[in-house]
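Please look over the sequence and the structure below before reading the notes that follow.

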Amino acid sequence: MIANAASPNHLQLTRDGQLRHFLTLDGLGRDLLTDILDTADSFIEVGERRIKKVPLLRGRTVVNLFFESSTRTRSTFELAAKRLSADVLNLDINTSATSKGESLSDTLLNLEAMASDMFVVRHAQSGAPHFIAESVTPGVAIINAGDGRHAHPTQAMLDMLTIRQHKGAFEGLKVAIVGDVLHSRVARSQIRALNELGAEQIRIIAPGTLLPRDVESLGCTVEYDMARGMKDLDVVIMLRLQKERMEGALLPSEREFYRLYGLSQDKLALAHPECIVMHPGPINRGVEIESSVADGPQSVILNQVTNGIAIRMAVMSMAMGGQVAERQQKLTELTERGQA
Amino acid sequence: MSGNERSSGVSLKITGGQLLDGHGVETSNIALLIRGGRIAATGEAARHAEADQTFNADGCFITPGFVDLYCNLREPGNGQKGNIASETRAAAKGGFTTVCASPETSPVNDSRAVTHLIRDAAVTDSPIRVLPVGALTRGLEGEMLSDMAGLTAAGCIAVGNGSRGVRNARILRRCMAYAQTFGLTIMFRPENQSLAADGYAHDGLVTSRLGLLGIPEVAETASVMEMLLLAEETGVRLHLSQLSCGRSVEMIADARRRGIAVTADVAMHQLVFTEDALAGFDSRFHLRPPLRSEADRKALVAGVREGVIDAIVSQHLPHDSAAKQAPLPATEPGLSSIESVLSLGLSLVKRGELALSDLVRGLTSGPASVIGRVASIGHDDIADLCVFDPKAHWTPDDQSLISAGRHAPVIGQALAGVVRLTLVEGQEAWVSA
């Protein structure tokens, strides 16, 4: 019988269920996500040492392939790779090859000739890291650093690490994600991670124009009224609002958005007193969040950045480990077949 | 493909197998005698006739040749995505004896010169009948009327918009009034461009999860409604092409009850696949209109079963491999589908969703009647025939596919349904042992 194409997980997991690429959180189980968080925890300690290096990726070459510019994500990936002792090459492709008309496939062929072991990919088009993972030589790991509106799995995992540090566990947690979910790869990955890790409630707070179609199918509830949505919250995650949303007639004005969906002290007061405030950054003060909230005692925004390095170290070392294990397994099989 | 050349030549006797006419009536084939491009005798009379050649159709179905109302032959064009020779051979392998060539070529078929070019190329390069569809507007730009009367005189059998919308309803209304003057059929793929915007996938569960840009159903249904109202007012014969939404089927059924002259088709892949096909970012299933929900798929299948949808089309749109080798949003839409239509259809029959007779009607008499032709197997009918073995298997891959486009809906997996013989006016257009 003719079936629709399967889910992409054969792509990012080895036969034994280890990571070999890190493209999306879809299809990754609670054990693996917890494993990533635990591994990251062990790397936090590395960041506190005087010599902040472990030799896990010594001799490996990591290429940061950024087709869309990003300062923070790229620098935390770079730091993470360097702390794992890898050689790092940063390529900002949006300013070089593709603007000269070279196709992504051709760019990749050239980069593979440099014998890289891992590509960290950020791309404006949803699914680009999947495409790259399908077309690269076996043995090269692909890490998704954000693709279109699809996924930003390392960001979601560093958010989960931050939540776990402050709340201990996910069971019973009430979490809200506020703002432009429609255009947000971060929100899609967060909703997936929170569901898998067992959060009790995931509320989306946004106007109808900033919601994907059938958003509840992702495993969340929708609340148009922020005051109601803030009630009893343990975690509130604010999303960045791009200024161009006004031009596409999605919103009337920044002022109206801030009044209805901006996180002010007044609105935060409606949540649980120990509610933490998160934001994937970069923040727009006075657009989605009041300055005093962003800098206030409940804000954990800077913890998120620190945790970003540890999560990226965890994911990079695990994916490289999966690739190496897979290669060894294939070699063993070949040898055995030779002996037989 | 000149008539004289066809009608001369040898006689052929097909024995065995089951006959299935366009209305789905099934009878055992005693024998069919083909001579002079026509069916010269059937039954007992044919059994005893002498013929130069015989073809044993045991285990096969014998149907009228398939008629495709919408496919792209890519000629004129730059050749990388196929040409009339490659794509009509692929069509013959798929059991098609008549294909309507979309006007969306390069240059667009909006002049007598391009129509003549297509017909001339078909005469020398095509084993099957190629019927050009002219452009509804000049350059398919939706702004000025094309020379519809001239196109028809040159051999176009209808006018259409290919895959491009017409933004301005006033121009659409004038296109209809003008086409109606000459009794022309408008073949129109409904899509409201401002609602479809930059989308490339069904606005639904999969787009929400994968963060793809959606095309809402209303992009099609708003256009279907507009077209039905304009057709009612102008009286033009309207054929709505490549539908994707269940609601469109309902609206067409309603319009027919009100007496509006409207017919419709659906691409075979819309009857088999859904939005889930994009779950792994498979760029082959980047289609326009997009694959929609399971509910839509079921409603489209029901539309075929109940005859609201007259025809099943291939929506064949071959590409060079580079056009599909990119992240999904950057790829070009379309499947190389014409060789797989029969096999996909038989999978629906096997699942019990469609009767074999519905499938054959949707591929033969249904589309033929839309363009004023007949597809039947009787004494003195034109010998356009397809003989296929429903149990034999083939595997679409780089070796087996004939089309220049290798992005078939199923690749590397065995499919049931192999065309053994395609005859156009009695001449072999395709034969496989």
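Predicted model: local features only at pLDDT ≥ 70, side-chain atom pairs only at ≥ 80, totals over all residues.

Residues are numbered from 1 along each chain as its sequence is written, and chains are lettered from A in the order in which they are written.

**Helix H3 of chain A**

- Helix H3(A), residues 72-83, has 12 residues and reaches 16 Å from its first C-alpha to its last, close to the 16 Å expected at 1.5 Å a residue (1.5 Å times one less than the number of residues); helices here are DSSP runs of H or I with at least four residues, and strands are runs of E with at least two, numbered from the N terminus.
- Its buried residues (20 or more other C-beta atoms within 10 Å of their own, with C-beta atoms placed from the backbone) are Thr73(A), Thr76(A), Phe77(A), Ala80(A), Ala81(A) and Arg83(A).
- These residues lie on the same side of H3(A), because they cover an arc of only 165 degrees around the axis, taken from the directions from the helix axis to the C-beta atoms.
- Just after H3(A), Ser85(A) takes a positive phi of about 70 degrees.

**Chain B as a whole**

- The secondary structure of chain B comes to 15 helices and 21 strands.
- Along its principal axes, the C-alpha trace of chain B spans about 65 × 45 × 45 Å.
- Of the 433 residues of chain B, 61% count as buried.

Conventions
Buried ≥ 20, exposed ≤ 12 C-beta atoms within 10 Å, placed from the backbone.
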